[in-house]
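Here's a quick briefing on one protein chain. Have a look at the model first, then read on for the aromatic pairs and a helix pairing.

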Amino acid sequence: MLEIDLNIGVGNRLDSLLGQCMYFGLSFSRVGADFRGLLSPLFQQAALKTFYHTTQEATERFSDVMQSYTLIASPSLISSTSFSSVSLQGDKNMTPPATLLEYTPLAVYTNNILTAFNDLRPCAPIALAPDVARQLQWSLKSAMETIVAYHRAEETTFNDQERALFVKLCKTACDEMVPFLNRCLQVLFPASSIAQTLGVTIHDLSKMGGIGVIDIADVLHGIRQLLPPSEPTEDDVTTPTSSDEQEQVDG
């Protein structure tokens, strides 16, 4: 019966239902019928299903907004006060970068993903970290592909101002939105907690394929091709050594 109800959906109070079920199981433990161990897989699947559904909707909504988006220099319709934030372990409060408000599609998408995180937060066992990371990676990669498709369809109509605004949108997505959502994921599933659960060190965890994080390079592979090459910094400029200078003089 519980499994049927969880499949139907219980809203965003999954943690409250879990607490009641655990208390009920504790009562039965007094007569040797403790069934609490059977509850964890059911609630994990329910939490993951809800996260999948919310991120799927966020991805589809982003595609819809991009299709009707016009590149104009105007603030987003979403105010900073209505922007979601993620309150996670301890005093860590992850507030989205204000620059996202300049681009409605990015602001709407980020807000929806944060809603998914906030719904998952009260019932987010470490065991879900790989699945949540894979789903977020898929969603972000789909969002980047939507931006690339928008450029492919509209680039011939861009004027100079629209082209500059599009480049700024891409840079904001690459440098602000994607890293921010990856940080939210890492705060939701800290590397230290994952390492402790697996019985390894954080250094060894980093060698295991980035459990609980997304592959930012893979997510941004397509959209990076739309950005102008970065200008070399002073650190990138090779200063000739004394031997190089001597060879030039001898030459």
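Tyr150 and Phe166 are both buried, where buried means under 20% relative accessible area with a 1.4 Å probe, protein chains only. This is a predicted model, so local features need pLDDT of at least 70 and side-chain atom pairs count only at pLDDT 80 or more, while totals for chains, interfaces and linings use all residues. Residues are numbered from 1 along each chain as its sequence is written, and side-chain values use heavy atoms, leaving out hydrogens and water.

**Aromatic pairs**
- The rings of Tyr150 and Phe166 sit 6.2 Å apart at their centres with planes at 20°, so they count as stacked (centres within 6.5 Å, planes under 30 degrees apart; over 60 is edge-to-face).
- Tyr150 is in helix α5 and Phe166 in helix α6, 16 residues apart.
- Ring pairs join Tyr150, Phe158 and Phe166 into a cluster.
- The count of aromatic pairs is 5, including the edge-to-face pair of Phe62 and Tyr109, at 5.4 Å centre to centre and 65° between the planes.

**Helices α5 and α6**
- The axes of α5 (residues 129-154) and α6 (residues 160-188) come within 12 Å and cross at roughly 175°.
- That makes α5 roughly antiparallel to α6 (angles over 145 degrees).
- Tyr150 of α5 and Phe166 of α6 are among the contact residues (heavy atoms within 4.5 Å).

**Whole chain**
- The chain has 11 helices and 2 strands, taken as DSSP runs (H or I, at least four residues; E, at least two).
- Buried residues make up 36% of the 251 residues.

Note on methods
Axes fitted to C-alpha atoms, helices over the stretch in contact; angles between N-to-C directions. Parallel < 35°, antiparallel > 145°, perpendicular 65-115°, else oblique. Buried < 20%, exposed > 50% of the residue type's maximum accessible area, 1.4 Å probe, protein only. Phe/Tyr/Trp six-rings, centres within 6.5 Å; stacked < 30°, edge-to-face > 60°.
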